[in-house]
Amino acid sequence: MVTGELKNKIDSLWEIFWTGGLTNPLDVIEQMTYLMFIKDLDDADNIHEKESVMLGLPFQSIFAGEVSVGERRIEGRQMKWSVFHDFPAARMYATVQEWVFPFIKNLHGDKGSAYAKYMGDAIFKIPTPLMLDKVVASLDEIYEQMAQLKNTDTRGDVYEYLLSKLATAGVNGQFRTPRHIIRMMVELMEPKADDIICDPACGTSGFLVAASEYLKEHQKAEVLFDSRNKEHYMNHMFHGYDMDRTMLRIGAMNMMTHGVDNPFIEYRDSLSDQNPDSGKYSLILANPPFKGSLDYDTVSADLLKICKTKKTELLFLALFERMLRVGGRCACIVPDGVLFGSSKAHKDIRREIVECQRLEAVISMPSGVFKPYAGVSTAILIFTKTGHGGTEHVWFYDMRADGYSLDDKRTEIKENDIPDIIGRFRNLEGETDRKRTEQSFFVEKKEIADNGYDLSINKYKEVEYVPVEYPPTEEILGKITELDREIAEGLAELKAML
């Protein structure tokens with residue numbers, strides 16, 4: 001969560017846009033994202049240059065020498081944020097409008113890339129040099145503040161806070177999955193260097209960014225120092241789809257900022273017939289929309305065969321099954337209703353996952369995880385596509401705390417089940433003797449089937465009731481009589497004093 005001074009600085013920056021005439025929240029977040037991307041390009045370029053010197057690897061800066069902007073040749077160094085932010089307001093405005101913005105719009109030589117596609121219609125909307133000067137100065141202060149918070153995913157929190165302003169303004173209402181929940185899901189799935197990863201409702205690409213960061217942290221040598229794996233990582237590993245072009249732009253820039261040159265991020269209604277993907281991906285990480293609007297007439301017939309419904313959360317589960325290759329894994333967030341809903345569609349999709357695939361885990365999360373944006377209770381489903389079953393028993397975990405208070409403030413607290421969840425999931429052999437009264441346990445497939453494929457943890461966990469022994473009734477009545485006598489004496493003394 002963004003709090004304190006950083007929150008105040010972002011609010012001040014938002015006010016600069018607002019008072020300058022940009023009042024549409026989507027316009028504001030777009031312009032802020034473009035400028036943050038320009039700043040990040042400079043920072044990332046400097047970091048890569050230092051790394052190349054340290055590791056002795058070749059590196060060509062995108063700002064080196066002269067660069068082409070349209071038909072003109074410009075000295076690349078002038079387009080670095082660290083250079084133009086010191087220009088006078090008028091010169092800075094001209095530089096950004098005429099050189100920097102066209103430069104980032106055409107940053108990818110591949111005109112068919114997702115980045116080129118969604119930056120193609122991007123427009124620089126900041127109206128005056130004075131306003132740009134204020135915005136650049138304000139962003140410099142924000143980045144200084146973010147640099148002081150090194151131990152937190154401040155960048156993700158800033159995006160989340162910006163998106164919360166979209167929701168407050170009533171435009172689209174997007175809110176992102178909390179960063180620590182995304183990181184937990186990625187840690188649970190442990191992406192590999194040869195994975196093909198997809199989020200069919202990617203938004204700002206949070207899951208894809210977290211997966212890329214995990215690979216760089218845990219398999220850096222295998223991913224970045226092997227030419228074939230690096231080419232796969234940069235161009236073919238990450239796939240994201242969404243129906244909001246603004247989110248796609250932000251997502252593409254987010255991925256590039258995190259070092260993925262050419263993510264495949266595309267405008268697509270994942271549930272419709274325009275999505276032909278089948279048996280393509282080895283890993284799906286997603287938090288699909290629960291209450292999204294749906295054009296039932298365009299929903300793919302393949303999905304309706306599995307569960308005939310208008311509920312997007314059920315259709316997305318059917319979609320994940322179809323998109324995964326055999327042996328592919330999925331970790332997705334679902335609302336609690338998916339786990340115990342009694343309609344035919346609910347039972348059909350649960351039966352499909354339990355009987356036809358291999359359901360591995362159901363992690364029940366507390367309802368405050370998505371506050372302050374939503375109070376819905378959710379769970380994480382983890383399954384592997386087999387096409388012929390394989391579920392023997394399912395691991396259930398009752399998450400009670402995620403490291404933050406479960407109210408609207410979401411302040412950091414000591415109680416946190418996430419490390420325990422990751423540790424236990426990686427050692428499921430040690431869970432076999434756990435009792436139903438504990439926080440995690442196994443449930444056999446037959447018992448789940450006998451209960452109508454109910455996947456709610458409350459259906460299976462047992463509560464230990466400790467018997468309480470009370471004193472005999474005569475003794476309780478005697479104590480009440482004694483208390484009455486003491487009260488009467490006290491009142492008599494009080495009256496005497498008056």
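This is a predicted model: local features need pLDDT of at least 70, side-chain atom pairs count only at pLDDT 80 or more; totals for chains, interfaces and linings use all residues.
Local features need pLDDT of at least 70, side-chain atom pairs count only at pLDDT 80 or more, and totals for chains, interfaces and linings use all residues. Residues are numbered from 1 along each chain as its sequence is written, and side-chain values use heavy atoms, with hydrogens and water left out.

**The sheet**

Helices (H or I, at least four residues) and strands (E, at least two) are DSSP runs, numbered from the N terminus. Two strands pair if DSSP finds at least two bridges between them. Angles run from 0 to 180 degrees between N-to-C directions, and axes are lines fitted to C-alpha atoms, for helices over the stretch in contact.

| Strand pair | Direction | Bridges |
|---|---|---|
| β7 (residues 324-335) and β9 | antiparallel | seven bridges |
| β8 and β9 | antiparallel | seven bridges |
| β8 (residues 358-365) and β10 (residues 393-398) | parallel | four bridges |

Individual partners can be named. Val334 is bridged to Ala379 of β9. Ala361 has Ile382 of β9 as its partner.

**Strand β9**

Is β9 (residues 378-384) buried or exposed? Seven of its seven residues are buried, so the strand is largely enclosed by the rest of the structure. Buried means under 20% relative accessible area, exposed over 50%, and partly exposed in between (1.4 Å probe, protein chains only). In a regular strand the side chains alternate between the two faces of the sheet. Both faces of β9 are covered. Thr378, Ile380, Ile382 and Thr384 are buried on one side. Ala379, Leu381 and Phe383 are buried on the other.

Helix α9 (residues 206-218) has 13 residues. The expected span of a helix is 1.5 Å times one less than its number of residues. For α9 that gives 18 Å, and its end C-alpha atoms are 18 Å apart, which agrees. Contact means heavy atoms within 4.5 Å. Among the buried residues of α9 are Phe207, Leu208, Val209, Tyr214 and Leu215.

**Helices α2 and α4**

The axes of α2 (residues 25-55) and α4 (residues 89-105) come within 11 Å and cross at roughly 85°. The two helices are therefore roughly perpendicular (65 to 115 degrees) to each other. α2 contributes Tyr34, Phe37, Ile38 and Leu41 to the contact, and α4 contributes Val100, Phe101 and Ile104. By class, the contact has seven nonpolar, no polar and no charged residues. Ala, Val, Leu, Ile, Met, Phe, Trp, Tyr, Cys and Pro count as nonpolar, Asp, Glu, Lys and Arg as charged, and the others, Gly among them, as polar.

**Loop residues**

Ser205 lies in the loop between β3 and α9. Its phi is positive, about 70°, although it is not a glycine. Ser205 counts as buried, at 1% relative accessibility. Glu190 sits in the loop between α8 (179-189) and β3. Glu190 also is not a glycine, yet has a positive phi of about 50°. Its relative accessible area is 30%, so Glu190 is partly exposed. Asp297 is in the loop between β6 and α13 (301-306). At 72% relative accessibility, Asp297 counts as exposed.

Conventions:
Angles under 35 degrees count as roughly parallel, over 145 as roughly antiparallel, 65 to 115 as roughly perpendicular and the rest as oblique.
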